[in-house]
Amino acid sequence: MRAYALLNIDKGRLQPFFDRVPELFHAHHHSEAQDPKGYEELLYRLYRPYTGAMLDMVDRWAVFDERDWREDVQLEVMLFLYAIRYPDTLLIESLSDKARSDLPRLSSYLHFTKHTYAIWDEDTRKGLCRLGIEIPPLDSAEPYIYGAYISSIELLKDIAPFTCFLEHDVPRQRLFQAALASWGREGDD
Amino acid sequence: MGPTDVVEDYEPNFEAWIDQFNDWQKRIGFDPAWLGDYRFEIKFDWDIAGDTIEFGDFEGMPKWNRRMQVPQQSIRDAIISMVSVQGDTEFASVEQQWHLLDSAPTEYDRKSAMRIMCEEQRHGWQMAYVLCNYFGEHGIREAQKLIERNSGGNPQREEGEAQRLLGSFNEPIDHWLDFFMFTHFIDRDGKFQLKMLSTSSFKPLAASMGPMLKEESFHLGTGANGIRRIVKQGVIPCALLQRYINKWTSTGLDLFGVDESTSAQWAYVYGIKGRYDEREVDTPAVREHLNEESRMHYFEELKLEMERINKSRHEGEPELYIPSDKFHRGIGKFAGVHHTTHGEPFEGSDEEWQEYLRGMLPSDEDEATLKELFKQEWIQYREWKE
């Protein structure tokens, strides 16, 4: 609740979003672009010990460019995935430049290995901004920005009414991240 | 007595209860190290709880925030009883399920089950907090009982330990098919109970329900999706699955209690437990049939869920269905009356009825078949483990 106090959230402003979370989640998560079956498969196909092939699966789902990481960078990221504990994001700073500079990719790896970290997504960030939670764009690899992003989603989960929570086995972070992405896109219209 | 006195009097008792809770975890076989970073928290959603009693004979009056505001001892007793039963089921499910962690079909399933067990413990913790902090010595005694009983379904159970309060929470959950059935059918009953208490006239109870309902939704999703993944994989035949569906449907229906329940009626009169859709409907409650009404909502929801699950069926497999609410009931007006899974009266002798049941409910043979099937890739995305 510390973030709540710091951000001084206007709960009234959140209500129109909370009223539509299930519908917004469906619009984003079950869209063709999001490949919900591929997403579900990743939840089950990524497990310890992590391998490069598993990271490739995430890259394909997220439609990222192929990783051009040296072997030691990949190993470093694997160790990072084992070591990090939610909601820490500062450990990202310990990574070498090559890995650290691609936070959207790291956030996807974190999501599918930990399930508690939210995937970084520009529409989701805009959705948060529409609710009065100003998260800056990710121009540089800034773990603090990602930290604020995941804390904000955690905060929304915390204060949302139970009617927002679908009977779904996707992680709750995905539920809110996907709903926020739809919400953010609507703001662009 | 001012509010400060209440805190000073009762806070240490909940802390003492926490020590007993830590012992309970070890006694029932749940390794506290499994919790990892998870911390038990007391969560209230005071906003959604509302300020005014919403139904019953006290409708329109302010909700009760403390024990001494509750106007009658009988109402206090009824609240304590409801909180105790709810808390009892939360701890029971952990006792029934902890031993399954080692045989999880995937890492995600293991994590999901672990999360469910953590959250069920948190729900029990919340109920114990309400008992200890709002109901004095009586509440503290009931909170202690929550962690003195041990489910008959716990493989690590000492002889002589008191069983859990409700029958289905003393049944063994032997494997992951039962786990998914339990989370789909029995946790769904739990969702109904929580929603009915979310409009309670006792505000700390109503305010406890919102956060619990949030967590419960994931449990239900895990159950429904687990069954869907099994059906999709097509290794366990639908005819065999149907027998487990028959068993768990009747178990779930029974959990809503007797027909024409007077205790449900009194709970409604007191405003402590409403209808499932209390805030959504404006028709007066039929107070004589409250359990029946909730049961029918549950039954209809089960049928809708089964339609979704059926979409994953392999070609040639029989359609899965929710059996009639008259079939194999242990409680209510259909208890002991012989009906088929399609709701028709069974015509035949008692021996023929027993034979019919053997074909409609899981048998020892089914359990043996399952054991063999579990060696295969019986569920979608299973990691192959020798």
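Predicted model: local features only at pLDDT ≥ 70, side-chain atom pairs only at ≥ 80, totals over all residues.

**Helix packing in chain B and its surroundings**

Modeller: In chain B, the axes of helix H4 (residues 107-134) and helix H7 (residues 203-233) come within 10 Å and cross at roughly 165°. Angles over 145 degrees count as roughly antiparallel, and H4(B) and H7(B) are therefore roughly antiparallel to each other. The crossing in which H4(B) passes H7(B) is left-handed.

Sorted by class, the contact of H4(B) with H7(B) holds 6 nonpolar, 6 polar and 2 charged residues. As a general point about such helices, an α-helix has 3.6 residues a turn, so residues three or four places apart point the same way.

A second pair in chain B is formed by helix H6 (residues 176-197) and helix H8 (residues 238-254), whose axes come within 9 Å and cross at roughly 30°. With angles under 35 degrees counted as roughly parallel, H6(B) and H8(B) are therefore roughly parallel to each other, and the crossing of these two helices is right-handed. From H6(B), the residues B:Leu177, B:Met181, B:Phe185, B:Ile186, B:Arg188 and B:Asp189 take part in the contact, and they meet B:Tyr244, B:Trp248, B:Thr249, B:Thr251 and B:Gly252 of H8(B). The class count for this contact of H6(B) with H8(B) is 6 nonpolar, 3 polar and 2 charged residues.

Helix H5 (residues 136-146) of chain B can be described through its burial: the buried residues are B:Gly139, B:Glu142, B:Ala143 and B:Leu146. These residues cover an arc of only 105° around the axis, which puts them on the same side of H5(B).

B:Glu260 is partly exposed, with 14 other C-beta atoms within 10 Å. A positive phi also occurs at B:Tyr381, a residue other than glycine, where the value is near 70°. B:Tyr381 lies in the segment after helix H12 (364-373) of chain B, and with 18 C-beta neighbours inside 10 Å, B:Tyr381 counts as partly exposed.

Another loop position in chain B is B:Glu41, found between helix H1 (3-28) and helix H2 (46-49), and with 9 C-beta neighbours inside 10 Å this residue counts as exposed. The C-alpha atoms of B:Glu41 and B:Ile227 are separated by 31 Å, the two residues being 186 residues apart along the chain.

The contact between the chains takes 16 residues from chain A and 19 residues from chain B. On the side of chain A that touches chain B, the largest share, 4 residues, comes from helix H4 (residues 36-45) of chain A. By class, that side of chain A has 7 nonpolar, 2 polar and 7 charged residues.

A:Tyr47 is placed in the loop between H4 and H5 of chain A. Apart from its neighbours within four places in sequence, A:Tyr47 is in contact with B:Thr106, B:Glu107 and B:Glu383. A:Tyr47 is partly exposed, with 17 other C-beta atoms within 10 Å. Within chain A, A:Tyr47 and A:Lys114 are 67 residues apart in sequence, and their C-alpha atoms are 9.6 Å apart in space.

The loop between H4 and helix H5 (52-62) of chain A is also the place of A:Pro49, and the peptide bond from A:Arg48 to A:Pro49 is cis, with omega near -5°. A cis peptide bond is found as well from A:Tyr86 to A:Pro87, with omega near 5°, and A:Pro87 is in the loop between helix H6 (71-83) and helix H7 (97-100) of chain A.

Methods: Residues numbered from 1 in each chain as written. Chains lettered and ligands numbered in written order. Contact = placed C-beta atoms within 7 Å. Nonpolar A, V, L, I, M, F, W, Y, C, P; charged D, E, K, R; others polar. Buried ≥ 20, exposed ≤ 12 C-beta atoms within 10 Å, placed from the backbone. Arc of directions from axis to C-beta. Axes fitted to C-alpha atoms, helices over the stretch in contact; angles between N-to-C directions. Parallel < 35°, antiparallel > 145°, perpendicular 65-115°, else oblique. Left-handed = near helix turned anticlockwise from the far one by under 90°.
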